[in-house]
Amino acid sequence: HVQVVESGGGLVQAGGSLTLSCTASGSMFSINAMGWYRQPPGKQRELVATIGSFAKTTYADSVKGRFTISRNSAKNTVWLQMNELGPEDTAVYYCHVRISRALEYWGQGTQVTVSS
């Protein structure tokens, strides 16, 4: 059984910063990739950023230059540093862990609210 636990969400004013963290634990082989998705109110879940093997990263266009994803593979932990937050970043943020093409896990989500 694999557990994925996020932390670091909260309320912040526009222009502020937050850092999310996520740790995966339990019985699993090595993790292929970790990432963050978000679901804004009334919208579908969308990709924010991912980090794969050899620290290869991808970002949604809307967060490029503002968000930074990083990972400690030895500790199965991923972080999302979010700067210059705006109301459009308000969402529930989910950590995603991919073990293989057919095996993935999600965290329970953490709320990020940005006030204008």
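**Before you look.** This is a predicted model, in which local features need pLDDT of at least 70 and side-chain atom pairs count only at pLDDT 80 or more, while totals for chains, interfaces and linings use all residues. Residues are numbered from 1 along each chain as its sequence is written, and side-chain values use heavy atoms, with hydrogens and water left out.

**Figure 1. A disulfide joins Cys22 and Cys95.** A disulfide is a covalent bond between the sulfur atoms of two cysteines. Here the term is used for a pair of cysteine sulfur atoms within 2.5 Å, and by this rule the count comes to one. The sulfur atoms of Cys22 and Cys95 are 2.0 Å apart. Cys22 sits in strand E3 (residues 18-26) and Cys95 in strand E9 (residues 91-100), so the bond ties together parts that are 73 residues apart in sequence. Strand names such as these come from DSSP runs, numbered from the N terminus (helices, H or I, have at least four residues; strands, E, at least two). The angle about the S-S bond is -80°, and the link of Cys22 and Cys95 is left-handed. Both Cys22 and Cys95 are buried. Buried means under 20% relative accessible area, exposed means over 50%, and partly exposed lies in between (1.4 Å probe, protein chains only).

**Figure 2. Asp89 forms salt bridges with Arg38 and with Arg66.** Side chains of opposite charge can pair when their charged atoms come close. The rule for a salt bridge is a side-chain nitrogen of Lys or Arg within 4 Å of a carboxyl oxygen of Asp or Glu, and a search of the whole structure finds five. Between Asp89 and Arg38, the closest N and O atoms are 2.9 Å apart. This pair links distant parts of the chain, with Asp89 in the loop between strand E8 (77-82) and E9, and Arg38 in strand E4 (residues 33-39), 51 residues apart. Between Asp89 and Arg66, the closest N and O atoms are 2.8 Å apart. Arg66 is in the loop between strand E6 (57-59) and strand E7 (67-72), so its pairing with Asp89, in the loop between E8 and E9, ties together parts that are 23 residues apart in sequence. Asp89 and Arg38 are buried, and Arg66 is buried too.

**Figure 3. The rings of Tyr37 and Trp106 make an aromatic pair.** Rings of Phe, Tyr and Trp (its six-membered ring) pair if their centres lie within 6.5 Å; planes under 30 degrees apart count as stacked, over 60 as edge-to-face and the rest as tilted. The whole structure has one such pair. The ring centres of Tyr37 and Trp106 are 5.1 Å apart and the planes are at 70°, so this pair is edge-to-face. Tyr37 belongs to strand E4 and Trp106 to strand E10 (residues 103-106), 69 residues apart. Tyr37 is partly exposed at 22% relative accessible area, and Trp106 is partly exposed at 34%. The charged end of Arg45 also sits over the ring of Trp106, 4.6 Å from its centre. For this, NZ of Lys or CZ of Arg must be within 6 Å of the ring centre and within 35 degrees of the ring normal. Arg45 lies over the face of Tyr94 as well, at 3.7 Å from the ring centre.

**Figure 4. Met82 is part of the largest nonpolar core.** In soluble globular proteins, nonpolar side chains tend to be buried together. A nonpolar core is a set of buried Ala, Val, Leu, Ile, Met, Phe, Trp, Tyr and Cys residues joined through side-chain atoms within 4.5 Å. The largest one has 28 residues, and Trp36, Leu80, Met82 and Tyr93 touch the most other members. Elements that give two or more residues to this core include strand E1 (2-7), strand E5 (46-51) and strand E11 (110-115). E9 gives the most, with five residues.
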